[in-house]
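Subject: Structure handover

Hello,

Please find the structure below.

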Amino acid sequence: MRTIADLENLSSSHNLEKYVGFYYEYYESMAYPGKILKSLVHLELHDGKAFYSRTEKLQPVGSSNRGPRIIMLGQMLFLGQKLFLIDYESFSKAEICLTVMHPETKTVVENIHGLRVGSPGGGVNSPRGRNVI
């Protein structure tokens, strides 16, 4: 009988090595509809498993004030030719997201498109979904 422990094999490095690196990610904010966020994503391998961090820097447009920096930490799984990224907000631990990405089948990965589902922090309780590039 298969169990949740089988998920460990889905994050093994042999399927994910070509995705290791830094990416910019663009998506509409879940907490502030209409605002486009740009974040830096770092995909890496540790002990044969795929992990990543996503850093978001929130700064109002036209403002010289630096907004907060938010770091999401997570694990990446590869299943059915899709990447599944599961992460949580590392400071408050009040937010969790699942992102499903449909990678290109080329040898060199330039763009990855997908969908993010989560429940944002900051008092917003309803789950949201957003396209991700």
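Bridge partners first: Met72 pairs with Glu89 in strand E5. This is a predicted model, so local features need pLDDT of at least 70 and side-chain atom pairs count only at pLDDT 80 or more, while totals for chains, interfaces and linings use all residues. Residues are numbered from 1 along each chain as its sequence is written, and side-chain values use heavy atoms, without hydrogens or water.

**Strands**

E5 covers residues 82-89 and runs antiparallel to E4, with eight bridges between them. (Strands are DSSP runs of E, at least two residues, numbered from the N terminus; two strands pair if DSSP finds at least two bridges between them.) Two residues separate E4 and E5 in a hairpin. Gly80, in the turn, has a positive phi of about 60°.

E4 (residues 69-79) also pairs with E3 (residues 49-57), antiparallel, over seven bridges. There, Ser53 sits opposite Leu73 of E4.

**Second largest pocket**

The second largest pocket holds about 240 Å³ of space. (A pocket is an open set of points on a 1 Å grid over the protein atoms alone, for a 1.4 Å probe, with protein on both sides within 12 Å along at least five of seven lines; lining residues have an atom within 4 Å of a point. Volume is the space filled by probe spheres set on the points.) Its lining has 17 residues; closest to the centre are Tyr23, Tyr24, Glu25, Met101 and Ile112. E1 gives the largest share of this lining, four residues.

Regards
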